[in-house]
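I opened the notebook to jot down what I looked up in this structure. Here it is, with the entries to follow.

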Amino acid sequence: MIETMQCAGADFCDELSGADDTSFARFYEGDPPSRLICSTENLTLLADMSPLALGHLLLLPSDHYLSFAQVLSLHEAEVAGFLADVVPLYREAFGEPLILEHGSSAGQDSHACITHAHLHFLPVDGDAVDDHLIGDSLAYRDLGSLGELALSPWPSSAYFLRVYRERVRVYLPTGEQKRQYLRSVVGAVLAIEDPEWDYAVVMRKGELRQTMRMVDRWPGKVRGDVTIADAELSCNE
């Protein structure tokens, strides 16, 4: 049984709860007042606080889970419905989305940004990201669908998820990956100088503000529950 966790002091949780004193509020000082794009009962879509590219978005569960494997175990239909609507909107605004996640597991040392599950959406070449991950000697397994992420062993395992053009792949961490590893890989693909992919080093305020302007018509276009299979058919249309 998957249970939500308490996350006192975790910045994502503070921001989702409506707290005033968050990293986003301190950095952006009300311009814009929020990075919230849209939400459903259990999911929230935000702009990344320091986007690596226009359209760098984060999908979070409203409650505190370690990974989207755990989220899918309880809210598969809602995630599928969300993706069925967001992916076509994303393609229209930014191009083909690459979805990435560093899924955490209980007992794994990690920062709050990892222990609150979140998916990255980026308009980045997923095949180029694969080349970097394989070049770092990470083994992988291909899944038949995103829904399979809810099956054992993933809800209790650490992993790197890559979804691109409806192809789902899970990479197995070795324990030697640096902090913000996936951001560093995307940075390499985008030729961002090391370590400027690190949001603690460079805050890309202009990219966030432009991203928010490009998604201002999305609220109200995201619906409720469908099956994972229906979502994949919708995303292929």
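**Helix α7**

I began with helix α7 (residues 205–214), where L208, T211 and M212 are buried. Buried here means under 20% relative accessible area, exposed means over 50%, and partly exposed is in between, with a 1.4 Å probe and protein chains only. Looking down the axis of α7, I see its buried residues fall within an arc of 100°, so they line one face of the helix. That arc is taken from the directions from the helix axis to the C-beta atoms. What covers these buried residues includes α2 (23–28), β1 (36–39), β2 (43–47), β3 (57–61) and α3. Contact means heavy atoms within 4.5 Å. Helices (H or I, at least four residues) and strands (E, at least two) are DSSP runs, numbered from the N terminus.

**Ground rules**

I noted that this is a predicted model, in which local features need pLDDT of at least 70 and side-chain atom pairs count only at pLDDT 80 or more, while totals for chains, interfaces and linings use all residues. Residues are numbered from 1 along each chain as its sequence is written, and side-chain values use heavy atoms, with hydrogens and water left out.

**Nonpolar cores**

Which residues touch the most other members of the largest nonpolar core? I found L45, L59, F68, L149, L161 and W218, out of 42 residues. Helix α3 (residues 68–94) gives the largest share of this core, twelve residues. Apart from it lies another core of 17 residues, including L98, V124, V129 and I192. A nonpolar core is a set of buried Ala, Val, Leu, Ile, Met, Phe, Trp, Tyr and Cys residues joined through side-chain atoms within 4.5 Å.

I then picked out L45 and checked what it touches, not counting residues up to four places away in sequence. Among its contacts are L57, L58, L59, F82, V86 and W218.

**Salt bridges**

I searched the whole structure and got twelve salt bridges. The rule is a side-chain nitrogen of Lys or Arg within 4 Å of a carboxyl oxygen of Asp or Glu.

R91 pairs with E166, and their closest N and O atoms are 3.0 Å apart. This pair links distant parts of the chain, as R91 sits in helix α3 and E166 in the loop between β7 (159–164) and β8 (167–171), 75 residues apart. R91 is partly exposed at 24% relative accessibility, and E166 is partly exposed at 30%. I also saw that R91, E96, R165 and E166 are linked in a network of salt bridges.

R162 pairs with D130, with closest N and O atoms 2.9 Å apart.

D127 forms a salt bridge with R167, the closest N and O atoms being 3.0 Å apart. D127 lies in helix α5 (residues 126–135) and R167 in strand β8, 40 residues apart. D127 is partly exposed at 37%, and R167 is partly exposed at 38%.

**Cavities and a pocket**

My search for cavities of 30 Å³ or more turned up two. I looked into the second largest cavity, which holds about 40 Å³ of space. Its lining is made of L52, H56, L100, H120, L122, L182, R183 and V186. α6 (181–189) and β5 (119–122) each supply at least two of the lining residues, and α6 gives the most, with three.

The second largest pocket has a volume of about 240 Å³. It is lined by 15 residues, and E15, A19, F24, P33 and S34 are the closest to its centre. α1 (11–16) and α2 are the elements that give two or more residues to this lining.

For both terms I used a 1 Å grid over the protein atoms alone: a cavity is a set of points where a 1.4 Å probe fits but cannot get out, and a pocket is an open set with protein on both sides within 12 Å along at least five of seven lines. Lining residues have an atom within 4 Å of a point. Grid points are joined across faces, edges and corners, and a volume is the space filled by probe spheres set on the points.

Most residues other than glycine have a negative phi, and most peptide bonds are trans. I listed the exceptions I came across.

A cis peptide bond joins S152 and P153, with omega of about 10°, and P153 lies in the loop between β6 (140–143) and β7. Another cis peptide bond joins D194 and P195, with omega of about 5°. P195 is placed in the loop between α6 and α7.

Q180 is not a glycine, yet it has a positive phi of about 55°. Q180 lies in the loop between β8 and α6 and is buried, with a relative accessible area of 9%. A191, in the loop between α6 and α7, has a positive phi near 60°. A191 counts as exposed, at 69% relative accessibility.
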